Amino acid sequence: MKRLILALATLKRRKRRAPNAFDCNVGSLCPSPGARPSGRFNLANSLTKRLILALATLKRRKRRAPNAFDCGGSVKLHPLLSVCRLLAALCFVAGGQLLAAAEMPVIRPGELWPDNRGQHVEAHGGGILKLADTYYWFGEDRSETNARGTRCVACYSSTNLAEWTFRNQVVHLTDPENLGRSWVLERPKVFYNAKTKKFVMYAHIDGLGQYRFASVAVFTCDTVDGQYQYLKSFRPLNHESRDIGQFVDDDGTAYLIFEDRPFGFRIAKLSDDYLTVEKEVCLIPKHMEGGALVHYQGLYYVIGSALTGWSPNPNQYATAKSLAGPWSEFKDIAPPDKNTYGSQSTMMLKVTGTKTTTVIFMGDIWKPSLQSDSRYLWMPLQIGDGKLWLPEPQPWSLDLKTGETIFKTP
Ligand code: GAL
């Protein structure tokens, strides 16, 4: 019994030390016992273990000395006390799990997103590559400190999608195609080619103004966060290409999504070595950019944004059974007057856990007057049966092991 009281006291003490405890909404999904082997979860798990140990000791003692709980051999333990003991145990386990949820790192849409150095993540218009258990986030690095005339791409890594470690500025390049001082390198996306063992980066390369160059730039690297070497630029399948998106299907096939201003937006398969765009799969005759694709429960969902530059607009989605179409009509992903809560799509990330699959909407909240301060809107989508909806942004956590999400009570 002493051990049980001790374990409860420890929990209380530790809980008091964590004032930012994350609330678990009633009816929302809390992590299952043993979920997430992170240090924070280990704390809850070790407390749970202590409780189980304490209870087991009590049980053992009872078995060894049936009268141990008699008071002077005259007063027997009241049955109500046993129920109390059981309730205390249940509360303790639930408390441990709540504590675990409380300790899960939080994703805060629209806020500054500090990396391991305490600096705002610079990975705008970005994409994610997953290798084993690690996620790599690549995006436009628009730091004020970048040398004039250079365009940069940064790479960060994370094992929980909330806390990011700066790895490297993997591209810092000066105008390789003589496009002028204001040339742009936007929306970098990295694919890993298992056959060639090369990391291949695509990005939109252009000259500022009319964006007439309308091409993709291709870079390669032998390591995920090394210096990517500029290889070439070209117009995919001889079409104009501005905003690009990346998509790797469940069978591993890699696709580039690109906006072709005169026609709409296209989905095209990369060559075996990923160094070129090989074959068009579909032209969606709708003038959209910020193309993002996901394959979820047998349906493809595509999101696109209207062509309003840095200003947000109501992003829309369509569905199809096959990438080649036919695609459904486009519908709003959020109330149209909210303009996608000030953001623009860049990617959808599917996280498949032991209990459920979460699809994350990744969007950029652009700040054209100070691009380094542009923010991110990452939110789990409500998705399924041909419907997709972006809920109102709020802080949330993801249990990568189970795939479940938890929203913070407002
Ligand atoms: C947006 C595009 C951004 C950037 C911007 C420039 O439409 O998505 O990546 O190119 O225009 O105005």
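Colleague: Why is Cys-221 counted as buried?

Modeller: Cys-221 has 8% relative accessibility. Buried means under 20% relative accessible area, exposed means over 50%, and partly exposed is in between (1.4 Å probe, protein chains only), so Cys-221 counts as buried. Please keep in mind that this is a predicted model, where local features need pLDDT of at least 70, side-chain atom pairs count only at pLDDT 80 or more, and totals for chains, interfaces and linings use all residues. Residues are numbered from 1 along each chain as its sequence is written, and side-chain values use heavy atoms, with hydrogens and water left out.

Colleague: What makes Cys-152 buried or exposed?

Modeller: Its relative accessibility is 6%, so Cys-152 counts as buried.

Colleague: How do you know how many disulfides the whole structure has?

Modeller: A disulfide is a pair of cysteine sulfur atoms within 2.5 Å, and a search of the whole structure finds zero. Take Cys-221: the nearest cysteine sulfur belongs to Cys-155 and is 9.5 Å away, and Cys-221 is in no disulfide.

Colleague: And Asn-238, why is that residue called buried or exposed?

Modeller: Asn-238 is at 71% relative accessibility, so this residue counts as exposed. You will find Asn-238 in the loop between strand 8 (229-234) and strand 9 (244-248); strands are DSSP runs of E, at least two residues, numbered from the N terminus.

Colleague: What makes a residue part of the ligand's surroundings, and which residues are they?

Modeller: A residue is near a molecule if one of its heavy atoms lies within 4 Å of it. The ligand is surrounded by Glu-186, Arg-187, Tyr-211, Asp-243, Glu-289, Gly-309, Trp-310 and Gln-344.

Colleague: What polar atoms lie by the ligand's oxygen atoms, for instance from Glu-186?

Modeller: A polar contact here is a pair of N or O atoms within 3.5 Å. A polar side-chain atom of Glu-186 is 2.6 Å from a ligand oxygen, and a side-chain N or O atom of Arg-187 is 2.9 Å from a ligand oxygen. For Gly-309, a polar backbone atom is 3.3 Å from an oxygen of the ligand.

Colleague: Which residues touch the most other members of the largest nonpolar core?

Modeller: A nonpolar core is a set of buried Ala, Val, Leu, Ile, Met, Phe, Trp, Tyr and Cys residues joined through side-chain atoms within 4.5 Å. The largest has 43 residues, and Trp-137, Leu-161, Trp-164 and Trp-378 touch the most other members. Strand 18 gives the most to this core, with five residues.

Methods:
Helix = DSSP H or I, 4+ residues; strand = E, 2+ residues; numbered from the N terminus. Polar contact = N/O pair within 3.5 Å; in protein donor to acceptor, adjacent residues only side chain to side chain.
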